[in-house]
Amino acid sequence: MAHGMRTDAYTGYVDRGRGDWRETAQRYALVPLRVFLGITFIYAAYDKLSDSAFFKASGAGSIGEQMRGVRDSSAIPALVDLALKSPSGFGYAIAFGELVVGIGTLLGVLARIAALGGALISLSLWLTVSWQTEPYYYGNDLAYLMAWLPLVLAGAAVWSVDAWWRGRRRGLSVR
């Protein structure tokens, strides 16, 4: 190190430019998915919470009527029967679950746990509401389930409360 230059860290201008771009693209690759799923789940919760008919046990547009309509064609009728014991309670659980998952995903707060919640909601809806969809790829709940899985595995590495917490922990441990 006669001239004060670290030779072990130098990669050259050509490789450095390409490598930085790829690394940046990889770091931010899941941000559009997080934004889409977060906003979609927040909107789904708002849609339910703002519809007074949704939380009723029976009647047009009610959760009870929807559950009775899919009971015999679902993959797990016992799951629908469980929801039918308290349709209103189940409706509120789904709506607030979607809201918490959406906010957690959008802001990156406990992102892996939020994504797991989203995956479980999508799985339960796929096995009940959209199970009978023919052919299977027309059912959107299966696609949502698959969209959640990368976020379950990777979390929210950038633009998230999780990343901020991680940075603060690292900063505190260095001191």
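Biologist: What is the mean pLDDT of the protein?

Modeller: This is a predicted model; local features need pLDDT of at least 70, side-chain atom pairs count only at pLDDT 80 or more, and totals for chains, interfaces and linings use all residues. Residues are numbered from 1 along each chain as its sequence is written, and side-chain values use heavy atoms, with hydrogens and water left out. pLDDT is the predictor's confidence in each residue, from 0 to 100. In the protein, 87% of residues reach 70 or more, and the mean is 86.

Biologist: Where is confidence lowest, and where is it highest?

Modeller: Over residues 8-15, pLDDT stays under 50. The model has two contacts (heavy atoms within 4.5 Å) beyond four places in sequence for that stretch. By element, the lowest mean is 70, in helix 1 (residues 13-28), and the highest is 97, in helix 2 (residues 31-49).

Biologist: How many helices and strands are there?

Modeller: Helices (H or I, at least four residues) and strands (E, at least two) are DSSP runs, numbered from the N terminus. From that end, the elements run α-α-α-α-α-α-α-α. The count is eight helices and zero strands.

Biologist: Is helix 2 roughly parallel or roughly antiparallel to helix 5?

Modeller: Axes are lines fitted to C-alpha atoms, for helices over the stretch in contact, and angles run from 0 to 180 degrees between N-to-C directions. Helix 2 and helix 5 (residues 87-107) pack at about 150 degrees, with axes 7 Å apart. Angles under 35 degrees count as roughly parallel, over 145 as roughly antiparallel, 65 to 115 as roughly perpendicular and the rest as oblique. So helix 2 is roughly antiparallel to helix 5.

Biologist: How is helix 6 oriented to helix 7?

Modeller: Helix 6 (residues 111-128) and helix 7 (residues 140-154) have axes 8 Å apart and an angle of about 160 degrees. That makes the orientation of helix 6 to helix 7 roughly antiparallel.

Biologist: What percentage of the protein is buried?

Modeller: Buried means under 20% relative accessible area, exposed over 50%, partly exposed in between (1.4 Å probe, protein chains only). Of the 175 residues, the buried share is 30%.
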